[in-house]
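Colleague: I would like to go through this model feature by feature. Please give the general idea each time, then the case at hand.

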Amino acid sequence: MRDFSIILKTLLRQKFRFQRYTANGKKNRVLLAFIVVGVACLPMIALVAYSVYNTGLIMKAADVVTEGYTYLITALQAVVLFTGIISMLNTIYFSKDTEFLLPLPVKTSSIYTAKLVYVYIDELITGVLTSLLLLIPYAIAVNAPFFVYIQLLLVIIIAPMLPLLLGAIIAIPLMWIIGYFKNKGIITSVVYVLLMGILFGLYYYFIYKYTGSVAEESLPGQMLANLIVSISDGARAILPNYLLAKTLNPASFGEYILNFLYAILIYAALMGIAVTISSLVYRSTIMKQLENPKKKMVVKSSEKRVGIVGSLIKSDAKRLFRDPNMGTFTLFQLVIVPIIVVFMLYQFSGDNLSGVDTAFLKPVIIIGAVAFTLFMGMSTNTAATSAFTRENRNFYVLKTLPIDFKNILKAKIYLAAIFSEITLIITSIVVAVMTKAEWYYFFAMVGVYTFLNLGTTCVQVLVDLARPRLNWNTFNEGAKNNPSSLMSLLIGFVMMLVVVAIGGIFLYPLFTTGTLSAWAEPVMWGILLAISLVYMIISYEITMKNSQKLFDRIEQ
Amino acid sequence: MLKIENVSKSYAKSPVKAVDGLNLEVKDGEIFGFLGPNGAGKSTTIKMITGILNSDSGNIEINGINLKRDPIKAKMTIGYVPDEHNTYDKLTGNEYLNFMGEMYDVPQKTLEERKTKYLRLFHLEENANEQIKSYSHGMKQKILVIGALVHEPKLWILDEPLTGLDPESAYELKKLMREHADNGNTVFFSSHVIDVVEKVCDRVAIINHGKLIAVDTLANLKKDKTVSLEKIFLDITNENNIESVYGSKL
């Protein structure tokens, strides 16, 4: 217990210690970056909160308040699972402090538990922020009494445990498989990403299975009745959350106590099982990660020459993918963005919404998918690929190369753009196929994506050079310690708003008259293409012009 | 005292043994140099001694304690200076040493005395309250050395300890290693700097392809006084020359 608390204290210090000034004496602006991104995201936050509030009103009218709480707790857990499993794998299994901690005279179970609790505390922040967005507006909408807000605090503390424990269990086979493929270069990252893809695919399938199939009848009254039954059954299927939700909407004090105790018991039992199993295999699992097998392999002594930029891209890509952490994050969007888009489109498809004609909404759905994909595509892998600062000590090696800086710059931009582009093309195919769109949609989407992608990558490179932070080794560190990666999020968000705004202007008549004039869509796509092209040219020129002096300035 | 008996280690699916049937005994009061070319198995051996990796077979005994049977008790008597600085760099030097003191259960008063002594010795007093991330490479190395010494370990293991140290600190470290051994403790260190090994070590082991190919005192290894340890090392690690150079000792 003593060792556990010392390690936990140290991990928390390492994580949360704020430095007022950076190493080169400048004021640390990470907090400011968080505030800027937070303020910029306010409209979206307000939109989500407002939607949840309205859902609350509907749930109350349909008398399924508890079920609503259940889904919101599950949604909160989904967010924690998404961010938590990544954080968990980085902290517990891929962490560089493992070699430092293992020689210390402490039990491995103390190290494991301290790290698990550390991830939990870290994810608690995500849980609190998500609950502010989901649970509070819902509680207001259903007219919850004061004690519910107190109980919400307990729910927020308890709820993130479930996804983390699920993550702890999932991590075991994941790490064994990764261990099996270890030192097989890109295969490790690909296997890892595919496993994550399967995990998230199953997760979304589970959620949509219960919330997606609305009704088979076309009569509105029957649809509503079926919907309520479906919501009710689905909520009960997630028992621990349903019990927790019942504590927020109890019929009596006795029922509150009973459900709370049940919930605590189930959570404690699950926690006990998960921690016991995973701490037992923790030591052997991390040792597999630390091993560095020598193997006999046929190595090509010469490779086809691809020019300076090509060679820089090739070596950067190899380094990226041979590092499971960075490789995974680079490939992650390739899997996760299409998966989410598939489920989003499925929600709006005619097959799912029986009796509801969604054909007329096709242009809106496409624009929505484009906007969402841009946001995800522009903001998910940027810290891993485009950042010069990812180079760390290699950064100085780049400085010593006897080549024109523009070549180094182009290599960085092209590598990052290529991977985002693959995601965007895959998603364009998904959107075109699922919406049965005409062929020109596909080319228009790819065009808009390509121009915006290249332009944005340039801006990201420039932002990274303007505020360089060299000391980060994992994607998590990059995302949390480097303000530049937060700016990527902001850029992605702005991009999404621009597409939505232009789409909104041209597609608005659909909502009022149900029809569009023949020229509306071609003109809309034409304008989107033109704006994207201009954006790309301007950002490329600005980046090419200003990067060298920023590059030279670093650590002079 | 360190005793390694028949220790072998293969990494997953690898046909090559990283360490192959290693036998070694390092006595109290000795500075023991562990030499070998890159990829010879030095780091794997050190990782097994410090409990970072498990051996596939064989036994490791540290100060009479079996590492597999009682790892925590064994580790309590080890101080380890790794070759990489993967530590908590947002802690200050002082906080890091307090952390190490707590881990090894060093009484507060003793910890303060040792901290003062070593921080002064390595000229780190003024930087002790700065975060480690702001330290230079050499300063990081020094704080790791101090961290490994705060509990005055019976067995002090150093992996490439002199890298990045300024001449004065390197001298102080070598002096400290000697003092530590003279106080009846064991110092086990690996290095590529053969000149240092030659000056500091009482005995030397040379490992290649995971196998121990020579272990002896410097005097015995250098039968011919005019030949440097560097020459012996190069000759021994060149497989074709082993027999001719070391002959009957193998």
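Colleague: Which residues is B:Pro153 in contact with, leaving aside its neighbours within four places in sequence?

Modeller: Two residues are in contact if their C-beta atoms, placed from the backbone, lie within 7 Å. On that criterion, and leaving aside neighbours within four places in sequence, B:Pro153 is in contact with B:Thr77, B:Ile78, B:Gly79 and B:Ala148. The C-alpha atoms of B:Pro153 and B:Ile78 are separated by 5.2 Å, although the two are 75 residues apart along the chain. This is a predicted model, in which local features need pLDDT of at least 70 and side-chain atom pairs count only at pLDDT 80 or more, while totals for chains, interfaces and linings use all residues. Residues are numbered from 1 along each chain as its sequence is written, and chains are lettered from A and ligands numbered from 1 in the order in which they are written.

Colleague: Where is B:Pro153 found, and why does it count as buried?

Modeller: Helices (H or I, at least four residues) and strands (E, at least two) are DSSP runs, numbered from the N terminus. B:Pro153 is in the loop between helix 5 and strand 7 of chain B. A residue is buried if 20 or more other C-beta atoms lie within 10 Å of its own, exposed if 12 or fewer, and partly exposed in between, with C-beta atoms placed from the backbone. B:Pro153 counts as buried because it has 22 C-beta neighbours inside 10 Å.

Colleague: In what order do the six strands of the open sheet in chain B come?

Modeller: Two strands pair if DSSP finds at least two bridges between them. The order is 6-7-8-3-9-10, with mixed pairing. Strand 6 (78–81) and strand 10 (211–217) of chain B are the edge strands, each pairing on one side only. Within the sheet, strand 7 (residues 155–159) and strand 8 (residues 186–190) of chain B run parallel and are joined by five bridges. B:Asp159 stands opposite B:Ser190 in strand 8 of chain B.

Colleague: Which strands do helix 5 and helix 6 of chain B lie across?

Modeller: For angles, axes are lines fitted to C-alpha atoms, for helices over the stretch in contact, and the angles run from 0 to 180 degrees between N-to-C directions. Helix 5 (residues 137–149) of chain B lies across strand 6 and strand 7 of chain B, at about 175 degrees to strand 6 of chain B. Helix 6 (residues 167–182) of chain B lies across strand 3 (31–35), strand 7 and strand 8 of chain B, at about 140 degrees to strand 8 of chain B.

Colleague: What is the order of the four strands in the other open sheet of chain B?

Modeller: That order is 2-1-4-5, and the pairing is antiparallel. Here the edge strands are strand 2 (17–26) and strand 5 (65–66) of chain B. Strand 1 (residues 2–10) of chain B is joined to strand 2 of chain B by six bridges, and B:Val7 stands opposite B:Leu22 in strand 2 of chain B. Five bridges join strand 1 of chain B to strand 4 (residues 57–62) of chain B, with B:Lys3 opposite B:Glu61 in strand 4 of chain B. Strand 4 and strand 5 of chain B form a hairpin with two residues between the strands, where B:Asn63 takes a positive phi near 50 degrees.

Colleague: Why is helix 3 of chain B largely enclosed by the rest of the structure?

Modeller: Nine of the eleven residues of helix 3 (residues 93–103) of chain B are buried, so this helix is largely enclosed. The buried residues include B:Tyr96, B:Leu97 and B:Phe99. The buried residues of helix 3 of chain B pack against helix 1 (2–16) of chain A together with helix 4 (108–121) and helix 5 of chain B.

Colleague: How many helices and strands does chain A have?

Modeller: The secondary structure of chain A comes to 22 helices and zero strands. Of its 556 residues, 40% count as buried.

Colleague: At what angle do helix 18 and helix 22 of chain A cross?

Modeller: The axes of helix 18 (residues 405–434) and helix 22 (residues 520–553) of chain A come within 10 Å and cross at roughly 105 degrees. The contact is made by A:Phe405, A:Lys406 and A:Leu409 of helix 18 of chain A and A:Met544, A:Ser547, A:Gln548 and A:Phe551 of helix 22 of chain A.
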